[in-house]
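Here is a friendly briefing to read with the model open beside you. It takes salt bridges and then a cavity.

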Amino acid sequence: MGPAIHATASRGCRTLIAACLALSLAVACPAAASAGQAMPRPAEALASPPESRPASLAVSSALAGVPGTRELADFFDAAVPGGLASNHVPGAVISVVGAGKTLFTKGYGLADREHRTPFEPDTSLVRIASITKLFTWTAVLQLVEQDKLDLRQDVNRYLTTFRIPSTYPRPITLEHLMNHTAGFEERVMGVGARSQADVPPLGTYLAQHIPARIRPPGQVSAYSNYGAALAGYIVSQVSGQPYDQYVLDHILTPLGMRHSTAAEPVPAPLAAGQARSYDYEDGAYQRKPFVFDNLAPDGSISATAADMANFMIAHLRNGRFGGNRVLQESTAELMHRRSFAADPRIDGYAHGFKEQTVNGHRVIMHDGSWEGFASALLLVPDADLGLFVSTNSPGGIDAVTPLIPAFFDRFLPGVRAVPTAAPGTPVAPVAGFYEPTRSTESTIERLLTLTTSARLRVEGGGKLAFKNQTWTPLAPGLYQQDGGSQRLAFVTGESGVTYAVTDGPAYELIPWPDTVPVNLVVLLLFAVTALTAVLGLPVAAAARRLSRRPSDTPRGWRAGRILAGLGGAVGLVFVALLALTLIGGTSILYGAPTSLRVLLLLPPLFLALTAAATAVTATAWKRSPVGVLARGHQVILLAGMLGLAWFCQHWNLIGWQFG
C-alpha cells in the first residue's frame with residue numbers, strides 16, 4: 001500500500017507495457033496493433049491529496065476558530081453526493097476534528113450494496129490501507145520511549161531469524177524505514193492472499209522476500225511497503241506480541257477505538273459493520289473480495305471514521321487523548337518534526353508522515369488504497385485541524401481529488417510567500433528519461449519501468465517539460481508546476497546519479513538502455529526481421545517447388561536459416577502473447593499466475609534457437625557459396641534476434657524471476 005496504490009500492478013501499468021509490445025508488432029501484425037488500440041483507460045491513483053493553490057504559500061494568520069458542525073455539514077453535503085454519483089462510488093465516510101474534539105462525522109451512500117447498508121461513521125469499518133503505517137510508526141516510537149528501540153541503529157540489531165544484506169557500507173536504520181529512504185526496490189507480486197490459510201507468518205514472508213537494496217540508505221525517498229512491514233515485525237519481536245495484538249493493546253484501546261482492528265480477517269464482533277468495496281465496469285458494480293495482506297503492518301487496519309477521529313485528536317494533541325497517552329509530548333513533537341527532505345525547499349517526511357504544503361499550512365498526512373478502498377488522513381498542526389475521508393471504490397480517487405483542496409480553500413485559506421533560498425549551489429536540470437525511485441530492479445517487475453518512465457526536457461526561458469506538465473523557475477534550482485502546487489528540484493546522489501525530487505514522488509535519471517525509445521527500436525527491429533524470415537522462408541520454398549527448381553543452398557547454410565526462422569517465430573509468439581497477457585489484465589496480486597509461468601518457458605527456447613542459429617551460420621559462412629543478399633538478410637535477422645535476447649535478459653524475462 002502506498003501513497004498512490006498498495007503493492008499491486010495497476011491495470012494502467014499492464015496496458016501501457018502492452019502498448020509498447022503491441023507497437024513493436026504493429027508493422028508486422030495488424031491484429032496486434034488493433035489490440036493495442038482497444039486498450040482500456042488506465043485507472044488513476046491517489047498519489048497525494050492535490051492542492052489548488054501554489055505550494056509557496058504562507059499562513060496569513062492562525063486559524064481564527066474551528067469550523068462549526070453546521071458549516072462542515074453544509075460543505076460536505078454539497079460536495080460529496082455529486083462526486084460519488086458522477087464517479088460511480090457507492091459510498092464515503094468522513095470525520096473532521098479540531099480543538100481536541102470531533103467536529104463532524106458523517107457517512108454518505110452505501111457501505112454494502114447487496115444489503116443496502118448505509119455508511120455509518122461510528123460502525124462502518126473501512127480498510128484504511130497504508131494509513132496503517134502511521135500506527136506502525138507510532139508503535140515504533142512508543143518502544144523508543146522505553147529505550148527498547150533506537151531509530152539510528154542498524155535494523156539487523158533487532159532481527160534474529162534473518163538479516164538484511166550489507167549491500168552498502170551504511171546500514172539501514174528504523175529512521176530510514178520511516179523516511180522511506182532505506183534504498184529497497186519495491187515489489188508488488190504476491191503481496192496479497194486469498195485466505196487466512198494462505199498468509200505465511202510475517203517473519204517467514206519477510207525473510208523469503210527481501211527486496212534488493214538498489215541505492216545507499218538516506219539518499220532519496222522511495223516508498224517501501226516492505227520497509228514498513230519490517231518495522232512492524234521489529235515491534236512484534238521486541239515487544240513479544242503479535243503486531244495486531246500490540247496495536248490493539250497500546251494504541252486502539254487507549255484511544256477508545258473500539259470499532260477498529262489490525263487483525264485479518266476482521267474479528268467476528270466487528271465483522272457485521274465491515275464495509276464492502278466495489279469495481280464499476282460495463283455499467284454494473286462488482287463486489288471485490290477481501291484481500292489479505294502478507295505485509296500486515298503496512299496496511300492491515302480496518303477502522304471507522306469516528307475511531308480515526310480519535311487517532312487524529314491524539315496526534316494533534318501531541319500524544320494525548322482524554323486522560324490517556326499513546327506518546328509522550330516530546331516524542332510526539334519529534335514524530336511530527338521533519339526527518340528527511342532531499343531538498344529543504346521540497347516537502348519531505350516527518351517520521352512516517354508525508355509532508356504537504358497546502359495554502360501555506362504545513363500538513364502531515366498519509367493516504368492509502370487497497371481492495372478498492374481509497375482513504376486519506378490529513379493533519380494541520382498549526383491550525384489544530386484534521387480530516388479523514390474514505391471511499392469504497394477506485395472511482396473514489398476521482399471523487400476525493402477535488403474535495404480535499406476545496407476543504408482547505410473553504411476553511412484554511414492562505415497567502416503567497418517568498419520561497420526560501422537554495423541550500424548551497426543548486427543542481428542544474430538534466431534532460432533525459434526519469435523513472436520513479438519506487439521501482440524494481442531484480443525481478444520481472446522491472447518491465448514496469450517502460451510504463452512509468454517519463455521524459456524531462458529543458459525548454460526556452462529555463463522552463464521544464466515533465467510528466468505532461470510545464471514547470472517554471474521559482475528560485476535558483478527550484479521549479480513550480482504551472483497551474484498546480486507541486487515543486488521540483490534536482491539533487492545528485494553519492495554515486496553521481498541525478499534525481500528529480502518533487503513534493504510527491506522522486507524520480508531517477510535512467511541510462512539509455514532503459515528508455516522507451518531504445519527498447520521500442522529493439523522490438524521493432526526484431527519484429528520486422530523475424531517476420532521476413534517466418535513468411536519469407538516458406539514462400540521461397542514453395543516457389544522452388546512450383547518451379548521444380550532444386551535448391552542449391554548448402555545444407556549447413558539452410559540449417560542456419562531454418563533455425564533462425566524457428567527462433568524468429570518463437571520470439572514473435574512470445575512478444576505477442578506477452579502483450580496479450582498484459583492487455584488482458586492478468587493479476588499478479590496473489591503471485592505469478594500459471595499463464596505467466598508457462599509463457600516464460602518461451603524465452604529459454606528462443607535463446608537456444610538463437611544460439612544454435614548463430615553457431616551454425618558462423619560455421620557455414622565460409623563454406624557456403626550464397627549471395628550477398630542472403631548473407632545480409634541472415635546477419636540482420638540474427639541481429640534482431642540478439643536484440644530480443646538482450647531485451648529478455650535486461651528486463652528479467654529469462655527464467656522465473658519473481659522474487
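How many salt bridges does the count come to? The count comes to 22 salt bridges, each being a side-chain nitrogen of Lys or Arg within 4 Å of a carboxyl oxygen of Asp or Glu. This is a predicted model, in which local features need pLDDT of at least 70 and side-chain atom pairs count only at pLDDT 80 or more, while totals for chains, interfaces and linings use all residues. Residues are numbered from 1 along each chain as its sequence is written, and side-chain values use heavy atoms, with hydrogens and water left out.

**Salt bridges**
- Arg-215 and Glu-508 join their side chains in a salt bridge at 2.7 Å, N to O.
- This pair links distant parts of the chain, 293 residues apart: Arg-215 is in the loop between helix H6 (202-208) and helix H7 (225-239), and Glu-508 is in strand E26 (residues 506-509).
- Both Arg-215 and Glu-508 are buried (under 20% relative accessible area; exposed is over 50% and partly exposed in between, with a 1.4 Å probe and protein chains only).
- Arg-446 and Glu-441 form another salt bridge, at 3.4 Å, N to O.
- Arg-446 counts as buried because its relative accessibility is 12%, whereas Glu-441 is partly exposed at 28%.
- A network of salt bridges links Arg-127, Glu-264 and Glu-371.

**Lining of a cavity**
- The lining of the second largest cavity has seven nonpolar, three polar and four charged residues.
- Here Ala, Val, Leu, Ile, Met, Phe, Trp, Tyr, Cys and Pro count as nonpolar, Asp, Glu, Lys and Arg as charged, and the others, Gly among them, as polar.

Methods. Helices (H or I, at least four residues) and strands (E, at least two) are DSSP runs, numbered from the N terminus.
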